[in-house]
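This report describes selected structural features of one protein chain. Please consult the sequence and the structure shown here alongside the text.

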Amino acid sequence: MKKLLVLIMGLSLNAQAAVSQYKVDPAHSSVNFKIRHLLSKVSGKFKDFEGEFDFDEKKPDLAKGEMRIKVSSLDTGNEKRDEHLKSGDFFDAKKFDTIKFVSKKFVKVSDGKYKLTGPMTMRGITKDVTFDVSYLGTMEKDPFGNKRAAFEASTKINRKDFGIIWNKSVDETLQDKASKVMSKTMLGDDVEIDISVEATAKK
């Protein structure tokens with residue numbers, strides 16, 4: 001019985017050891033978002049973020065990781081708008097400057113396609129969020145001798161779920177090109193999030 005337990009523990013440790021540990025390379029990664037403003041969509045990005053994760057294509061159930069984003073690094077290309085978004089009307093960056101996501105479940109859907117689910121904390125509120133993930137591949141050795149892996153992830157969240165409720169009414173009902181009524185508010189509730197990650201394996 002003792003030998004069997006030792007064997008099981010050994011197999012478990014070997015499986016964990018085979019899973020590569022990666023650190024997000026912010027210079028070759030991006031965190032972007034979009035939200036409706038009147039009829040069109042306004043996009044923005046966060047320039048300061050970090051993260052790490054474990055991944056092996058052959059053992060997706062062992063994948064785990066965490067990402068942290070600094071709200072104060074928000075950039076929509078308009079300084080006045082950025083200050084408003086960082087204020088208490090929206091992200092309240094002085095109180096809640098970190099958006100955090102922790103993976104809880106990573107499920108393979110098809111070749112190179114996964115569902116990533118876990119708690120996201122934003123503005124002091126934590127909700128489970130599911131990302132659609134595309135695995136772009138692995139390079140065993142880049143020009144600097146590093147192993148690299150790349151992914152793209154996207155999701156859509158309702159900002160009100162995280163306490164971001166500011167809006168402003170407009171006089172005219174907004175309609176799309178098919179005359180479908182959209183809203184009578186300046187901003188939409190849904191926020192599209194797109195993340196591109198290139199990461200290097202820890203040595």
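## The second largest pocket

The model discussed here is predicted.

Two or more lining residues come from each of the elements β2 and β14. Strand β14 gives the most to the lining, with four residues. By class, the lining of the second largest pocket divides into seven charged, two polar and one nonpolar residue.

In soluble globular proteins, nonpolar side chains tend to be buried together. In this model, the largest nonpolar core has 42 residues, and Phe-55, Phe-91 and Phe-131 have the most contacts inside it. Strand β14 (residues 187–201) gives the most to this core, with seven residues.

Leaving aside neighbours within four places in sequence, Phe-131 is in contact with Phe-101, Tyr-114, Lys-115, Leu-116, Met-120, Ala-153, Ser-154, Thr-155, Ile-193 and Ile-195.

## Salt bridges

The structure holds 15 salt bridges. One of them joins the side chains of Arg-148 and Asp-25, with an N to O distance of 3.1 Å. This pair links distant parts of the chain, 123 residues apart: Arg-148 belongs to strand β11 (residues 148–158), and Asp-25 to the loop between β1 (20–24) and β2 (30–37). Arg-148 is buried because its relative accessibility is 13%, under the 20% limit. Asp-25 is likewise buried, at 14%.

A further salt bridge connects the side chains of Asp-56 and Lys-59 at 3.7 Å, N to O. Asp-56 is buried, with a relative accessible area of 14%, whereas Lys-59 is partly exposed at 24%. The side chains of Asp-111 and Lys-108 also form a salt bridge, at 3.6 Å, N to O. Here Asp-111 is exposed, with 68% relative accessibility, and Lys-108 is partly exposed, with 42%.

## Loop residues

Asn-146 is placed in the loop between β10 (125–139) and β11. Is Asn-146 buried or exposed? Asn-146 counts as buried because its relative accessible area is 18%, which falls under the limit of 20%. Not counting residues up to four places away in sequence, Asn-146 touches Met-139, Glu-140, Lys-141, Thr-200 and Lys-203.

Backbone geometry is the next topic. Most residues other than glycine have a negative phi. Leu-38, although not a glycine, has a positive phi of about 55°. Leu-38 lies in the loop between β2 and β3 (40–46) and is partly exposed, with a relative accessible area of 32%. Arg-123, which is not a glycine either, has a positive phi of about 55°. Arg-123 lies in the loop between β9 (113–122) and β10.

Technical notes:
Residues are numbered from 1 along each chain as its sequence is written. This is a predicted model: local features need pLDDT of at least 70, side-chain atom pairs count only at pLDDT 80 or more; totals for chains, interfaces and linings use all residues. Side-chain values use heavy atoms; hydrogens and water are left out. A salt bridge is a side-chain nitrogen of Lys or Arg within 4 Å of a carboxyl oxygen of Asp or Glu. Buried means under 20% relative accessible area, exposed over 50%, partly exposed in between (1.4 Å probe, protein chains only). A nonpolar core is a set of buried Ala, Val, Leu, Ile, Met, Phe, Trp, Tyr and Cys residues joined through side-chain atoms within 4.5 Å. Contact means heavy atoms within 4.5 Å. Ala, Val, Leu, Ile, Met, Phe, Trp, Tyr, Cys and Pro count as nonpolar, Asp, Glu, Lys and Arg as charged, and the others, Gly among them, as polar.
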